[in-house]
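User: Hi! I have a model open on my screen and would like to talk it through with you. Could you help me find my way around?

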Amino acid sequence: MATAVSILPAQQLATLEDAYRRSVARKRLKAALAVAAFCAVLVIAAFGAEVNLRTLFTYFGNFVSYFDRILTLDSGARVWTDLPEWFWGWKKWLKMLGETLLISYVGTLTGAVFAFALNFFAAQNTSPGPWLRFVVRRLLEFARTVPGIVFALIFVIAFGLGPMAGVLAIAIHSTGALGKLFAEIVENADMKPVEGIRSTGASWLSCMRFAVLPQVSAGYASYALLRFEINVREASVMGFVGAGGIGQELVVAIRKFYYSDVSAILVTIIITVFIIDISTGWLRGRLFGKETRR
């Protein structure tokens, strides 16, 4: 009897160890299958996208040599050895960069206003009716699904070259993007204050103003600042299709092979974007708390 009792724990321990080994083996097998499936899907997707590694490695030197050319002045010296020559057009570029910032600002502000007006109708817990919610959501989806540069090209064709096309494109795309984000914030709001105000006989508009808006206004402002950062980058690219801003000067420099001008304009854009990202991140942190800092 004593022998059976002393042997039993050892048998249980061996059983547990065996079960643990089988569990580890199953997990390793699942991980291996997942990796294999991922690699297979990646290969199939690359084949469908016509990704050719042979072409990539054959012409990779052209990519490197282009960066070598844009970092070289016409005299053959490196750009950083003669900054006045490198940034010879800084006055014109800063003026066009200011135009880019204005396009982003006006477009973002306009989009935020429309998103603010529509998001309460798109949120599930505040929309007056399901059909209205369905229509508004589809409208916002359309506005954010079509790329901003496509809108810019359409408006350039309709209204001509210039920043107006860029402002309209950014405004429409921002309306769709911010409308979705604002609606999600509203859907996470506490509805008890709404029920309390509604019980007094207040209208739907009053419920939104006094019960929902105080809860979500900080989130609205934070997302609007974040969208402004994104739109500065988008506005820089929209100039490629003639929608105003510094992108127009950049595409001219690329097409005419003004290599040092390309690098100078790119450096100007990158520094500006860095400053805006840091500034808006700091501002969100100061206004809405450390948790919103990037």
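User: Is Arg227 buried or exposed?
Analyst: Arg227 counts as buried, with a relative accessibility of 10%. Buried here means under 20% relative accessible area, exposed means over 50%, and partly exposed lies in between, using a 1.4 Å probe and protein chains only.

User: Before I go on, what kind of model is this?
Analyst: It is a predicted model, where local features need pLDDT of at least 70 and side-chain atom pairs count only at pLDDT 80 or more, while totals for chains, interfaces and linings use all residues. Residues are numbered from 1 along each chain as its sequence is written, and side-chain values use heavy atoms, with hydrogens and water left out.

User: Good to know. Which side chain does Arg227 meet in a salt bridge?
Analyst: That is Glu234, at 3.5 Å from N to O. A salt bridge here is a side-chain nitrogen of Lys or Arg within 4 Å of a carboxyl oxygen of Asp or Glu. Glu234 is partly exposed, with a relative accessible area of 22%.

User: And what does His173 touch?
Analyst: Leaving out residues up to four places away in sequence, His173 touches Arg227 and Glu234, along with Ala143, Arg144, Val146, Pro147 and Gly148. Contact means heavy atoms within 4.5 Å. His173 is found in helix 8, residues 163-187, and counts as buried at 10% relative accessibility. Helices are DSSP runs of H or I with at least four residues, strands are runs of E with at least two, and both are numbered from the N terminus.

User: How many salt bridges does the structure hold?
Analyst: There are 7. One of them joins the side chains of Arg78 and Asp68, at 2.7 Å from N to O. Arg78 sits in the loop between helix 3 and helix 4 (83-86) and Asp68 in helix 3, so this pair ties together parts that are 10 residues apart in sequence. Arg78 is partly exposed at 30%, and Asp68 is partly exposed at 38%.

User: What about Lys180, which residue does it bridge to?
Analyst: Lys180 forms a salt bridge with Glu184, and their closest N and O atoms are 2.5 Å apart. The two are 4 residues apart in helix 8, so about one helical turn separates them. Lys180 counts as partly exposed at 34%, and so does Glu184 at 32%.

User: Switching topic: how many residues are in the largest nonpolar core?
Analyst: It has 21 residues, and Phe120, Val186, Val194, Val212, Val216 and Tyr220 are those with the most contacts inside it. By a nonpolar core I mean a set of buried Ala, Val, Leu, Ile, Met, Phe, Trp, Tyr and Cys residues joined through side-chain atoms within 4.5 Å. Helix 5 (90-122), helix 6 (130-145), helix 8 and helix 10 (204-238) each give it two or more residues. Helix 10 gives the most, with 6 residues.

User: Which residues is Val212 in contact with?
Analyst: Apart from neighbours within four places in sequence, Val212 contacts Phe120, Thr126, Val186, Val194 and Cys207. There is also a second, separate core of 18 residues, with Val79, Val232, Ile265 and Val273 among them.

User: And on the outside, which residues form the nonpolar patch on the surface?
Analyst: Val51, Leu53, Leu56, Phe57, Phe60, Phe63, Val64 and Phe67 form it, with about 830 Å² of accessible area together. Areas come from the Shrake-Rupley method with a 1.4 Å probe, and for residues only the protein chains shown count as cover. Patches are made of residues with over 30% relative accessible area and no salt bridge, joining like charges within 9 Å and nonpolar side chains (Val, Leu, Ile, Met, Phe, Trp, Tyr) within 5 Å. Helix 2 (53-58) and helix 3 (60-70) are the elements that give two or more residues, and helix 3 gives the most, with 4. Leu56 lies in helix 2 and is partly exposed at 46%.

User: How do Phe63 and Phe67 pair?
Analyst: Their rings are edge-to-face, 5.1 Å centre to centre with 70° between the planes. Rings of Phe, Tyr and Trp (its six-membered ring) pair if their centres lie within 6.5 Å; planes under 30 degrees apart count as stacked, over 60 as edge-to-face and the rest as tilted. The structure holds 15 aromatic pairs. Ring pairs also link Phe116, Phe120, Phe182 and Tyr220 into a cluster.
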